[in-house]
Structures are given as structure tokens and as C-alpha cells.
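Reader: I am new to this structure and would like to learn how to read it. Could you take me through it feature by feature?

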Amino acid sequence: MNSVRRNPLNGRITMVASHSNEDANTQEVSASWYWSSTENSRNNSWYVNFSSGNTNNNNKYNGNRVRAVAAYGKDFECFLDGVIEAYKDCLRGKMSSKQAVEYMQIAEEDIVCLAIEMWTGVYKPSTSTCFLVKYPKLREVFAANFRDRIVHHWICLRLEPLFEERFVSQGNVSHNCRKGFGARSAVESAEQGMKKVSDSYRRPAWVFKGDLVSFFMSIDRTLLLGKLLRFTKRKYHGGYKEILLRVIRAVVLHSPEKDCVFNGDTTLWRQLPENKSLLRNGEGKGGPIGNLTTQLFANFLMSFFDSYVIWKTRRLNSHYVRFVDDFLLVCDDLKALQGVIPELEAFLGGKLLLKLHKDKRYLQPVSHGVLFVGVYIKPGRCYLSNRTLARFKERATGFNRMIETTELTANDCVRIQSVLNSYLGFCKGLKTYRHRKWILSLFGSGFYKYFYISGHFEKVCIRKRYRKMYKELNYVLPN
């Protein structure tokens, strides 16, 4: 029997074969996907090369029988297609990164291996890279291995639509890690809520702003896992549910701090407080900042707090909005608002094992305004905080220094454009024309070799030559 299968990663025709030790001249070829298995030990197994279809016997010539390779059939092929979809999603916009380039060289073999691990329940996250970022403040980051990121994307492609349904049903009070939402939409919601509750500032109303202590580092992994598993069992009705539950468990309970390599100056960790590092945070606590799943799962966890706030204030004239762990509650009844705050604190501590920061609380009349997500919101006007403007200036100065001293690559251009446009987008709708003009004027003539400014200092655009180079490096993967 001779049949072949086209590899879905690159279209290459691949032969997948198995041998029997009893007759080395006999070869069986199947159209299904296979993976070599072992009988007792690796000494008694044949290995299959998925690139060429060749087999070898690991230089073992004994008379022992070996188990035939395992055939997973059509159902596994469909599952493999889903893993390949997650791989493509993981590569999108990242194909020129060092990790992506390295993985693409082994992807043809390892994607199948990864799918097998997930399918059989033996998948375990591999070694992460740990480093510190200094901007805007010292923070510990764990970067997952690229193959683990594929698993993260596979999970999120299935759970993100369910999370979105939950957020929509709650009235879109959460504004982070969601398409179409962000810091700007959070500010707009807060501004509208303050205006609505106070009847356009004609009636007294009060605003309470709260913040959580070391939010990501305080997440209890076991608590999060329990809520995720119950939610997935109840809401997910797609294929491979048991695999999804197993992989969620593996990802959430993984402790990257126990298996990581350090990148950078390790002495900097001494400057990091204990409650800001997974390395000294305590067993089973904290989510690795840097992983896609950490952000989405943390937002999901806080949705339970959102539900509680909405329920507690259902009979009040109030408005609630949240961005990550910063939240704002506006109410026209001061006594009721003061009574709700301890109950919110008790819920966070008792149900979610999180703490409300005692030094970062703000309770004032709405007429006094409030600083929320880097913007001062006051009656009839909003403007950027001095801290946000200082960060914008600092980034612009750093990029200008980089442009003047080095030759930028196409990827450097895209990174600089993304950062600058994120600040400019945040300025949109605020009275910041003079500030935008002043900060962008800090760039020298070298800046205009790669970029040009569109509109009234509203957007930074990459020149056509470098935009074309980036597209060639990060081509769109076929469906």
C-alpha cells in the first residue's frame, strides 16, 4: 500500500512509514498521520522523520518486536489543523522575531509532536525566559517558549469569544484585553458616567477610585483554575473539550519561576519588592506577566468582581468602569457609596483572595475631578496627566537617540510607529495639540528618513520603502 499526504504547514508531500524488526525489507505506508512509539525502551523502537518519510532503527539490531506506529485517524487530523491555526495566529506580525525564526526551522516536525502531546495529555510547558523591563517601572516578565505560545493561542482562540459574551452581558464595564476597547474607551466611559450620574454636574455626586495590591502577582492559581474549568465545562460546546480542560490546567498551574533562564543583569532583582516577583512571591501565587493567557485569564477573574459590583449597586444611581485592576464607581448617594466600599473589599479578600490598596483610594465629589488611566477627568474637559506626557517625551527622546546612532530595520520602524501612535491615539479627543507638536518636534532630520507625520500631528506613518520591506519579512500566512 503506497499513499502520501500533503503537509499542511508547507505543502510538501511527506511519506510516513513504519518498519517491523522481523523483516527490514518490508515497509508499510499509510495516508494517516503517525507518530513513532516505544515498547519497553527506546532501544526497541523505530523513529520516523516527518520531513522525508525516512525511518531509522537508532543503530539497534536486535530480535525484539516493536509496536507499530500509532494511527490517530481523521479526528486527530482535524485537531492538528486547529493547532496549525494557532501556530499561524501566533506568527502573525512576529515572523521576523528571533524566537519565531528559530521555531519555523523545526515547525514541520514539532507542530505534530506538540499536537500529539496535547492529544495524549502529556503536554507540559517548557523553559521560559525571565527578564526585567525598566520602563515605565521595574517589572518582572516571563516570556514563554514559542511552542508554549502556540498552546496559549490555541486556548484563547476557543475561550476568548466566550469571555467576550460574558463581558458584553455585564454591560461592557471591562475595557482591557478586548478588541475595540482600551484605555481611551475606559476614560470615555468614566467621563460619561460622571456626567450622567451628576445630571451634567448639576447635582451632587461622588466618585470612588480603587486599585488592587500587586494584582498579577496576587492571583491564586488554584482559585483561578477552578473558575476557569467550571466556566469552560458550562459554556464551551466546541470540539476537543477534554483536551482544552487538560491544557488549561497545565498552563494555569505551571510555575515558570521553577524552570526559567535569566536574561539581563540579575543584580537588578534585588531592587524588585518581594510581592512584585514570582521568584519570591509564594507557592501557587501569581501569573507570569508576558503571557497572553495571563492577561485574558486575569480579566476573566476580575469579571466576578464586576458582577458583584453591578449587583451591589443595582438599586443606586451609579456607574462602574474597570481597566485591569483600576476601577471607578460613581454614585449620587454618599452614604450608600461609603457603605458599599467595605463590602467590595471583603468580597475581593474573601472570594478572590485579592487586596484593595489602602493608600491608593480616592473618594471626592465629581466636581473635583479624578485621575483615571493617565487622564484627568474634570467637568467639561479632560487632559493628560503630567506623568503620561513625561513618558511620551521620554520615549520620543529615546527613539530619536536610537535613530541618530543606528540604522533602523523594518521591524524597528514598526515598533517605533506602534509606540508613538499608541500615545498619539491616547491623546485623541483631548486638548493636546501643543503637547503633540512639541514632543514630535524633538525628532531630528534622521526621523524623516523613515517616517512622516500625518494630519495635525495626529499620526506617525512609515515611508513606503520600509513598509514594503516589513511586509516582505512578515508575509501573511495562507489560510
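Author: Let's begin with a pair of helices: α4 and α8 cross in a left-handed way. A crossing is left-handed if the near helix is turned anticlockwise from the far one by less than a right angle, and right-handed if clockwise. Helices (H or I, at least four residues) and strands (E, at least two) are DSSP runs, numbered from the N terminus. Please keep in mind that this is a predicted model, in which local features need pLDDT of at least 70, side-chain atom pairs count only at pLDDT 80 or more, and totals for chains, interfaces and linings use all residues. Residues are numbered from 1 along each chain as its sequence is written, and side-chain values use heavy atoms, with hydrogens and water left out.

Reader: At roughly what angle do the axes of α4 and α8 cross?

Author: Axes are lines fitted to C-alpha atoms, for helices over the stretch in contact, and angles run from 0 to 180 degrees between N-to-C directions. Here helix α4 (residues 146–169) and helix α8 (residues 241–253) have axes that cross at roughly 125° and come within 11 Å. Angles under 35 degrees count as roughly parallel, over 145 as roughly antiparallel, 65 to 115 as roughly perpendicular and the rest as oblique. The pair α4 and α8 is therefore oblique.

Reader: Which residues make the contact between α4 and α8?

Author: Contact means heavy atoms within 4.5 Å. From α4 come V151, H152, W154, I155, R158 and L159, and from α8 come I243, L244, V247, I248 and V251. By class, this contact of α4 with α8 has 9 nonpolar residues, 1 polar and 1 charged. For these classes, Ala, Val, Leu, Ile, Met, Phe, Trp, Tyr, Cys and Pro count as nonpolar, Asp, Glu, Lys and Arg as charged, and the others, Gly among them, as polar.

Reader: How do the axes of α1 and α4 cross?

Author: Helix α1 (residues 73–91) has an axis that comes within 8 Å of that of α4, and the two cross at roughly 110°. That makes α1 roughly perpendicular to α4. Among the residues that meet are F79, V83 and Y87 in α1 and I150, W154 and L157 in α4. The contact of α1 with α4 divides into 10 nonpolar, 2 polar and 4 charged residues.

Reader: Where is Y236, and is Y236 buried or exposed?

Author: Buried means under 20% relative accessible area, exposed over 50%, partly exposed in between (1.4 Å probe, protein chains only). Y236 sits in the loop between α7 (221–235) and α8, and Y236 counts as buried at 8% relative accessibility. Leaving aside neighbours within four places in sequence, Y236 is in contact with R158, L162, F231, K241 and L244. Y236 and L159 are 77 residues apart in sequence, yet 7.6 Å apart in space, C-alpha to C-alpha.

Reader: What does V366 touch?

Author: V366 lies in the loop between β15 (362–365) and β16 (370–372), and is buried, with a relative accessible area of 3%. Not counting residues up to four places away in sequence, V366 touches several residues, including M194, Y201, W206 and P379.

Reader: How many salt bridges does the structure hold?

Author: A salt bridge is a side-chain nitrogen of Lys or Arg within 4 Å of a carboxyl oxygen of Asp or Glu. The structure holds 16 salt bridges. In one of them, E102 pairs with K98, with the closest N and O atoms 2.8 Å apart. E102 and K98 both belong to helix α2 (residues 98–104), 4 residues apart, about one turn of the helix. K98 is exposed, with a relative accessible area of 58%, whereas E102 is partly exposed at 44%. Elsewhere, D110, E117 and R147 are linked in a network of salt bridges.

Reader: What is the phi of C177?

Author: Most residues other than glycine have a negative phi. C177 is not a glycine, and its phi is positive, about 55°. C177 is found in the loop between α4 and α5 (183–197).

Reader: How many helices and strands does the protein have?

Author: The secondary structure comes to 15 helices and 20 strands. Of the 479 residues of the protein, 47% count as buried.
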